[in-house]
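Please read it with the structure open.

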Amino acid sequence: ATQFSSLSSIKKFKKSRTFNFKIQTFNFSESHQNSDMLKRRKDPEIVQVDLKFDETLTNFQGLHVIEELFKCFIFQRRQIPLTIESLKKEIRQYHSEKATQKSEESLPKTREEIKAKKLRVRKDKLRQKLVQRAEKFITNFNQIEACLEKNLAQVQATHVAVIFGVSPQNPKEVYVMNLLR
């Protein structure tokens, strides 16, 4: 659920408009020239999908569709290892386990117990690293969500673009959502 920073932004989202989403995907694939192995760009492959809704969507509903598409894109393009909801669940579960974990561990006695403890410690460190990175990502994602919410509430945006690649100047894939109102 999206949180609003003020009541005025909720009032702005209550206005109804018709949203039709037209999603265009630009895939910039690279090919190698045989003689000197220099990279050369091909023309982008364009894929277009029209999403038409039978009902009129409010700005809030339109924003929710954009956010869900953004979540879908970053997961499908393997920018995150799990869905955002799964990452949030993993963070909650990790913190609840840490809070209930007892510090009363007996010293391992046999070689198998020592190996099992080392394996458990290694897995705990990996999980802790995942949780730390996930927390950082979720914080950044919430900031992006808030910024998107703020900008779409203030401005009559007609396009939203999601760019994947090294930089915005050198994209590998671009997803453009045309908001036909």
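**Aromatic pairs and a helix crossing**

1. The model is a predicted one. There are 4 aromatic pairs in the structure. In one of them, the ring centres of Phe 70 and Phe 141 are 5.7 Å apart and the planes lie at 5°, so this pair is stacked. Phe 70 belongs to helix H2 and Phe 141 to helix H4, so the pair ties together parts 71 residues apart in sequence.

2. Phe 141 also pairs with Phe 137: the centres are 6.0 Å apart and the planes are at 25°, which counts as stacked because the angle is under 30 degrees. Both Phe 137 and Phe 141 sit in helix H4, 4 residues apart, or about one turn of the helix. Phe 70, Phe 137 and Phe 141 make up one aromatic cluster.

3. Phe 137 is partly exposed, at a relative accessible area of 23%.

4. The crossing of H2 and H4 is right-handed.

5. On the H2 side, the contact is made by Leu 63, Ile 66, Glu 67, Phe 70, Lys 71 and Ile 74. These meet H4 residues Phe 137, Phe 141, Ile 144, Glu 145, Leu 148, Glu 149 and Leu 152. By class, the contact of H2 with H4 comprises 9 nonpolar and 4 charged residues, with no polar ones.

Methods. Residues numbered from 1 in each chain as written. Predicted model: local features only at pLDDT ≥ 70, side-chain atom pairs only at ≥ 80, totals over all residues. Heavy atoms only, no water. Left-handed = near helix turned anticlockwise from the far one by under 90°. Helix = DSSP H or I, 4+ residues; strand = E, 2+ residues; numbered from the N terminus. Contact = heavy atoms within 4.5 Å. Nonpolar A, V, L, I, M, F, W, Y, C, P; charged D, E, K, R; others polar. Phe/Tyr/Trp six-rings, centres within 6.5 Å; stacked < 30°, edge-to-face > 60°. Buried < 20%, exposed > 50% of the residue type's maximum accessible area, 1.4 Å probe, protein only.
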